[in-house]
Every structure is written in structure tokens, then in C-alpha cells.
Amino acid sequence: MYRLSKRNSASFLKSRIFIYGIFFVAAAATLLLLFFRNRPLEYYDRTEYYLGTYVTVRVASSKVSPTILAEAAMKEIERIDEKFGSRSRGIVAEINANGEASGLDRETVFLIKSALDIARNTNGAFDPTLYSLTKLWGFDDVASEKQIPLDVEITAALENSGYSKIVLNETESHVRLMEGVMLDLGGIAKGYAVDMAIARIKALDPEATGFIDAGGDIGVIGPKYGNRPWIIGVRNPRGESVQDIVEYIYLYDGAIATSGDYERFFVVDGIRYHHILDSKTGLPSRSGVISSTVISKSTMLADAYATAAFVIGKEPGITFMPRYGALVLLIMEDMSRYRSPGFEVYQQK
Ligand code: ADP
Ligand code: MG
């Protein structure tokens, strides 16, 4: 019979421990590798106040530090805020102060042209010249006194508004405002800023994913974890809290924006006066719409068409919008809904 000597059995045990040890280390390494390879990317959030609202960047990347990506996005949004965000500084202030400007850079020409195109496409429902009226109602600033203006004041302000009173000469890079008219890119700048910030992120990592939310104007950087949709909730316009969601939308790319009469308003004698104005009457629009959401390929278009759809209202008013790449969801006063054909595609999981 074969018998292990004492010495032999000890070295046998030692070599077994050694082999088990190697197995253990290899298994642990494999598990660790699998864990890190399949571990979902971690999203980094950053929120700052620009363009009169809180802007949140949520981004993840396997190549570039997400803090660097978020920083690049915020820098871009700050730049656009400085340039276009307010009537009191930047290029918009300059144009308004002089009534004209020449030697405009390409970006400024693009933004004014986009605003004028949307104004034409919506027959003035979106109008980038309503600043005098906005100021009159006190919607220019949270601190401004909210009040119902006198009829004569509204009539005078209407005379000094209207997108057809802006003359843009693209080839000469020149813009001229007719007497008394003021340019206001506030209804389009936020969406544009989101688009540009996403472009900055994509330039650093084309595969980065996440989204940017500027006060409800949301642009998708890329699908969640690379393959899942971002779920966007539309608020109950008469809900008590932001958690009160009435519609869900699933977005892999593109953009979405919501305009509502609950964002900035005041109530006098039971009547709600809100910040989205009708360029025809100079009053807060009364289309029966209380919330308007637009899905589009760019945040700039979603932002502007949401405002326009809010003013225009229900069928047949907005059936033309999909032609311009804007799918609409309207919530009416009685909480009934209207959807552009195709909108429902984005509401299926
Ligand atoms: P919302 O979140 O409802 O889109 P924004 O803050 O984006 O609101 O837009 C507000 C800006 O839109 C203000 O600068 C206001 O002067 C301007 N505005 C109000 N009514 C209109 C309109 N009919 N067309 C374009 N801009 C408008
Ligand atoms: Mg808007």
C-alpha cells in the first residue's frame, strides 16, 4: 500500500494550498473585471443658475471625466447667457440701444434668423419682439411688479412690436429694428444654449450620454447607459407639486420643452394672467391651453414651438407643426389632451 511520508504529505498540502490560492486569485480577478466592465456608468450631476433658470447637466462618459464635460457645458451656457440671454447686456442690448447693428457674427445672424423663421412659420404666435409688453405686465423679472396694464399702454406697446419690424440682411450681416421695436431672444436662447452645450460635450466625447435640462427645456446627450430612454414627466399644470406627473415621454435622443401658464403668473379677480403673450392682442394668450409640450430634434426648436403651440391652441391650429419637425402635446383647461400624430410613439416604453 502506498503511504505518504510525513514530509511528503506536508509538501503535498502546501502545493494544494498554492494551487487553490492561484485559483482563488484568478476567480476574484475575473469577477472584479466582470463587475467593472458591466458596471453601469455613473452619472455626474451639476446644477447652476443661468438664463433666468436652474440648468442641470447630467452626464456620463467612459473616456472623459464627466466633471470636465459638465464644466465645458456650463461654460458654453454661460457664454450664451452673456451674449443673448438678456436685453441689458451682450449683443442684444447693443442692437436695441442703436436700433441696428452691422458686422454681426455668424452665430448672431443664425439666432435672429431662426427666431424670424419660427415667427413667420407660426404667423407671429412666436414673436421675438414682445419685450415692451412683457415689461408692461411685469414678467420681465421675478422682482418686477405684476399688474394689468391700461388699454392705452397695451395699444402703444403693440405698435412697437411685431417681428415684421425686424429687417435682417444675412449677406450683409446687418440687422435693423424699426422705430421703437426691441429684439428679445429670451424665448429661444435657452433652447439654443442647451443645443450648443451638448455639442461641446460631444466634441470631447461623441459617446457621452446624459441630458441637459434648462428649466424644462431638455436636450438629450445620449441614451441612459447607452441603450435606455430617458423618462420625462409632464407636470400636472394644476398640480400642487412637481412630483404630480400626468404624462410620460421616453426619449433616446432629440429634445423636449414645455411651456405652461403655471410658471409665471398672477391672479386678479379669479383670472390668471400668465407670461406667454399673444402678439395680436398684447394679452396673455387665451387659447384654452394650460400646458404645451413639444418634441423636436433640437432644443431650440422645441423651446420656441412650445411657446407658439401654447398661443395657437387646438386643432386645426397646430396640425402644421410636424412639418417643421415639432410634435405637440397640449393640455387644455379641462385637462383634456391633444396630440400631434406621431407624438404617441414617444409615449410607448
Ligand atoms: P417658457 O418656459 O414658457 O418657454 P421662457 O422663459 O422660455 O418661458 O420664455 C419667456 C420669454 O418669452 C420671455 O422673454 C418673454 O418675453 C417671451 N415671450 C412671451 N410671449 C412670447 C411669444 N408669444 N413669443 C415669443 N416670446 C415670447
Ligand atoms: Mg421657452
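Visitor: Which residue of β13 stands opposite A255, and how should I read such a pairing?

Guide: Strands of a sheet pair through backbone hydrogen bonds, either parallel or antiparallel. Here A255 stands opposite S296 in β13, and six bridges join strand β10 (residues 255–260) to β13 in the antiparallel sense. Two strands pair if DSSP finds at least two bridges between them, and strands are DSSP runs of E with at least two residues, while helices are runs of H or I with at least four, numbered from the N terminus. This is a predicted model, in which local features need pLDDT of at least 70 and side-chain atom pairs count only at pLDDT 80 or more, whereas totals for chains, interfaces and linings use all residues. Residues are numbered from 1 along each chain as its sequence is written, chains are lettered from A and ligands numbered from 1 in the order in which they are written, and side-chain values use heavy atoms, with hydrogens and water left out.

Visitor: What joins β13 to strand β14, and is β13 enclosed or open to the outside?

Guide: Strand β14 (residues 327–332) runs antiparallel to β13 and is joined to it by six bridges, with V294 standing opposite V328 in β14. Eight of the eight residues of strand β13 (residues 289–296) are buried, so the strand is largely enclosed by the rest of the structure; buried means under 20% relative accessible area, exposed over 50% and partly exposed in between, for a 1.4 Å probe and protein chains only.

Visitor: In what order do the eight strands of the open sheet follow one another?

Guide: The order is β1-β2-β6-β7-β10-β13-β14-β15, with antiparallel pairing. At the edges are β1 (44–50) and β15 (337–339), each of which pairs on one side only. On average, neighbouring strands of this sheet are turned by 10° against each other, direction ignored. Within the sheet, strand β2 (residues 53–60) pairs with strand β6 (residues 209–214) over six bridges, in the antiparallel sense, and R58 stands opposite F211 in β6.

Visitor: Which strands does α7 lie across, and at what angle do α4 and α7 pack?

Guide: Helix α7 lies across β2, β6 and β7 (217–222), running at about 15° to β7. Helix α4 (residues 106–121) packs with helix α7 (residues 186–204) at an angle of about 130°, their axes being 11 Å apart. That makes α4 oblique to α7, since angles under 35 degrees count as roughly parallel, over 145 as roughly antiparallel, 65 to 115 as roughly perpendicular and the rest as oblique. Axes are lines fitted to C-alpha atoms, for helices over the stretch in contact, and angles run from 0 to 180 degrees between N-to-C directions.

Visitor: Which residues of α4 and α7 meet?

Guide: An α-helix has 3.6 residues a turn, so residues three or four places apart point the same way. From α4, E107, F110, L111, S114, A115 and I118 meet I188, Y192 and M196 in α7, where contact means heavy atoms within 4.5 Å.

Visitor: Which residues form the covered and uncovered faces of β5?

Guide: In a regular strand the side chains alternate between the two faces of the sheet. In β5, V175 and L177 make up the covered face, whereas H174 and R176 make up the uncovered one. Strand β4 (residues 166–169) runs antiparallel to β5 and is joined to it by four bridges, with N169 opposite H174. Two bridges join β3 to β5, again antiparallel, and R176 is the bridge partner of E100.
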